[in-house]
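Here is a short note to read beside the model. Take the points in order and find each place on screen as you go.

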Amino acid sequence: MKIISDAIAGARLAMAGRKSPWGSGPSGGGDGEGTPPQGGSGDSPDSPPAGSSEPPKGPRNPWLPPAGDEGPRRSASIEDILRPPKGGGGPGGGGGGFGFPKLPPRPDGKSWAKPIAIGAVAVWLLWSTTHMLDSKQQGIVTTLGKYSRTVGPGVSMTLPWPIETMMVEEVTSVRNDSIPAGEDEKLMLTSDQNLVDISYLVRWNIKDLKLYKFQLDNPNDTVREVAEAAMRAAVAEVPLKDAMGGSGRQSVENQVRVRMQEILDAYRSGIRILGVEIKKTDAPQKVIEAFQRVTAAQQNAQQEVTSARQWAQQVINQAQGNAAEFDKVYEQYKLAPEVTRRRLYYETMERVLSNNDKVIVESGGVTPYLPLPEVRRAQQQAQPQGGQ
Amino acid sequence: MLNRLFEEQKSALVAIGALVVLAFSTLVVVPETQQAVVMRLGEPQRVINRFRPGDDFGNTGAGLTWRIPIMETMVRIDKRMLTVPMERQQVLSIDQQPLEVDAYARFRIIDPARMVRSAGSSDRVVSALQPIFSSVLRQELGKRTFQSLLTAERGQAMVNIRNNLDKQAREYGAQVIDVRIKSADLPAGTPLDSAFARMTAAKDQEAATIIAEGQKNAQLIRADAQAQSAQIYANSFGKDAQFYDFWRAMQSYDATFSNQKNPGRSTIILSPDSDYLRQFKGR
């Protein structure tokens with residue numbers, strides 16, 4: 001059964017090949033399948049009709065499916081091409097018939113089938129034997145299903161299609177797998193049985209294309225599954241704090257990368273893990289408020305400490321200022337103790353007495369008679385002063 | 001024209017046609033990703049491109065091969081590493097804590113002939129291994145405490161599960177290469193909610209501790225500053241206590257009586273005997 005389907009595929013391919021010279025040959029506007037060699041190859045078999053007729057219209061259409069605007073052009077089938085000689089050529093044939101009169105010399109349609117067939121084969125050969133790979137790609141060539149070689153970037157040749165096939169894959173380009181794919185919460189258990197919502201990115205590329213192609217049934221899913229297993233295992237080994245914090249997070253990333261590489265190497269997957277990056281680690285939605293309360297408490301505590309520091313600075317500065325003042329004065333005092341002392345005394349008394357009312361009374365005098373409360377208060381204060 | 005071609009070359013065309021048909025029914029392409037069992041009358045006859053561990057691609061036997069048409073049929077079997085997914089299921093640890101586990105096993109058909117006889121296709125191997133997988137897994141994980149399921153000891157559990165599963169898989173010509181837990185989660189409902197409650201409580205406690213600690217630190221800082229300033233004062237003023245007393249008194253009088261900061265007059269009554277007025281007497 002497989003063989004039959006292969007055969008059908010082959011036939012289809014041949015058709016595609018035949019279609020191409022018309023499509024991409026003279027007009028140069030190749031369709032989707034037009035790989036570079038195809039476009040180039042189209043010219044050679046086409047040159048007879050192309051040179052002699054209006055290039056794009058006539059030859060292109062017989063093979064194309066009918067489409068709205070192609071109605072008129074579609075009529076340029078082999079019969080149409082053959083008609084002009086009978087009609088004697090000229091304007092009757094329209095654009096399509098203009099150049100054709102040269103060809104009819106040949107006896108019948110056989111002469112047309114041949115160049116078409118040859119052209120198709122040539123295109124097919126070129127298309128299936130020449131491969132252009134860009135710098136990121138590598139191709140695997142299999143000969144009748146059997147691995148034969150790996151080819152690098154550039155132009156390379158293979159045997160034509162059913163015999164050799166090439167599978168091309170981007171090898172060096174980095175693939176990104178974001179896990180989880182959506183915005184869903186992905187809760188993982190940490191070693192202290194807390195839950196953390198983690199999303200991360202795995203970057204990888206192909207180390208060995210042959211293994212990548214032949215060893216695993218689904219390499220891309222395997223990468224994701226291995227990533228999940230490795231990430232869970234790594235997170236389960238650290239407490240919540242480390243899973244969420246800076247350095248712990250980095251060691252988790254490293255561990256996951258190393259573990260994934262080990263597993264994938266054991267699978268001989270041909271995949272290289274370039275890096276694992278934790279995009280975010282969050283508290284689960286349901287407890288996020290409690291986490292925020294902790295953050296608020298931290299800020300609160302921080303603020304309290306800051307204001308205490310401010311106060312402390314003030315107090316110390318004041319002490320230093322006072323002490324410095326005293327030290328300066330004391331220096332003076334040491335030079336001339338008695339004089340400085342008296343000077344300070346008189347200066348202070350001057351300031352004190354000049355701003356207040358003064359009464360001078362003999363010690364055994366009438367003082368007790370004064371009833372004013374201010375006076376009484378003043379008297380009380382004056383006593384120690386007088387005593388000094 | 002085609003008709004004429006056909007008429008002229010009839011016999012040749014028929015021969016070519018027959019040859020093509022024969023070729024298609026005899027020759028078979030086995031790609032690198034497949035192993036093929038050639039069956040003669042329902043009995044496995046030979047295996048093409050069988051998996052052998054050390055083989056490098058290109059020398060494994062893949063490629064063009066043949067069979068006797070009609071008599072021999074060919075069963076194609078994946079040669080690649082395949083996956084047995086396990087339905088997410090609940091496992092009870094030995095301390096009766098439920099855990100929802102999601103796992104996969106990777107295997108490879110290493111004996112295609114046996115596998116064709118016992119299962120028929122790799123899909124059926126998968127469906128045969130699935131229930132075995134979950135029961136082995138549940139059994140093995142059920143021997144462990146919840147905590148050890150989370151941590152490194154899981155490694156040994158995985159090895160045991162793999163070995164057990166592998167033993168069974170050999171019956172199907174398959175080899176189990178690796179078993180891994182993709183996820184181990186708390187089941188929704190009470191276990192999950194109580195975990196959340198515990199986390200909330202722990203966080204609230206943490207918050208309270210942080211605040212208390214902040215206050216303590218602030219107090220320490222203040223006390224420290226006071227001690228430091230006292231030391232500064234003592235160092236400076238201690239040099240001459242008597243002078244300090246005098247100097248401070250002067251400052252104090254200034255502040256109290258000179259009315260620079262707190263206006264309001266006081267009446268000061270002085271005795272002529274006071275020290276300040278000593279010179280008054282002209283002695």
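**Notes on the two-chain model**

1. Start with one pair in chain B. Gln34(B) stands opposite Asp78(B), which belongs to strand β5(B). Keep in mind that this is a predicted model.

2. Now widen the view to the strands. Strand β2 of chain B covers residues 34-40 and is joined to β5(B) by seven bridges. These two strands run antiparallel.

3. Next comes the sheet they belong to. In chain B, three strands form an open sheet, ordered β3-β2-β5, with antiparallel pairing. Why is one side of β3 and of β5 left without a neighbour in the sheet? Both strands, β3 (43-48) and β5 (72-78) of chain B, stand at the edges with a single partner strand each, so one side of each has no neighbour there. Neighbouring strands of this sheet are turned against each other by 30° on average, direction ignored.

4. Turn to chain A. Here, too, there is an open sheet of three strands in the order β3-β2-β5, and its pairing is antiparallel. Its edge strands are β3 (146-151) and β5 (164-170) of chain A, and each of them pairs on one side only.

5. Strand β2 of chain A (residues 137-143) runs antiparallel to β3(A), and five bridges join them. For Thr143(A), the bridge partner in β3(A) is Lys146(A).

6. Strands also pair across the two chains. Which residue of β10(B) is the bridge partner of Ile360(A)? Leu270(B) takes that place.

7. How much do the chains share? In chain A, 99 residues are in contact with 99 residues of chain B. Together the two chains bury about 9,400 Å² between them, and 63% of that is on carbon and sulfur atoms.

8. Polar links cross the interface as well. Between chain A and chain B there are 17 residue pairs in polar contact, counting pairs with both residues at pLDDT 80 or more. On the side of chain A that touches chain B, helix α13 of chain A (residues 288-335) gives the most, with 28 residues. The residues of that side divide into 48 nonpolar, 25 polar and 26 charged.

9. Side chains of opposite charge can pair when their charged atoms come close. Seven salt bridges are counted between chain A and chain B. One salt bridge joins the side chains of Glu225(A) and Arg106(B), at 2.4 Å from N to O.

10. Over all chains, the structure holds 29 salt bridges. Within chain A, the side chains of Glu228(A) and Lys186(A) meet in one, at 3.5 Å from N to O. This pair links distant parts of the chain, 42 residues apart. Glu228(A) is in helix α10 (residues 219-235), while Lys186(A) is in the loop between β6 (175-179) and β7 (187-189) of chain A.

11. Finish with the backbone. Most residues other than glycine have a negative phi, and most peptide bonds are trans. The bond from Ile179(A) to Pro180(A) is cis, with omega near -5°. Pro180(A) sits in the loop between β6 and β7 of chain A. Gln193(A) is not a glycine, yet its phi is positive, at about 60°. Look for Gln193(A) in the loop between β7 and β8 (195-206) of chain A.

Key:
Residues are numbered from 1 along each chain as its sequence is written. Chains are lettered from A and ligands numbered from 1 in the order in which they are written. This is a predicted model: local features need pLDDT of at least 70, side-chain atom pairs count only at pLDDT 80 or more; totals for chains, interfaces and linings use all residues. Side-chain values use heavy atoms; hydrogens and water are left out. Contact means heavy atoms within 4.5 Å. Buried area is the accessible area (1.4 Å probe) that two parts lose on being put together, summed over both. A salt bridge is a side-chain nitrogen of Lys or Arg within 4 Å of a carboxyl oxygen of Asp or Glu. A polar contact is a pair of N or O atoms within 3.5 Å; within protein, one must be able to donate a hydrogen and the other to accept it, and residues adjacent in sequence count only if both atoms are side-chain atoms. Helices (H or I, at least four residues) and strands (E, at least two) are DSSP runs, numbered from the N terminus. Ala, Val, Leu, Ile, Met, Phe, Trp, Tyr, Cys and Pro count as nonpolar, Asp, Glu, Lys and Arg as charged, and the others, Gly among them, as polar. Two strands pair if DSSP finds at least two bridges between them. Axes are lines fitted to C-alpha atoms, for helices over the stretch in contact, and angles run from 0 to 180 degrees between N-to-C directions.
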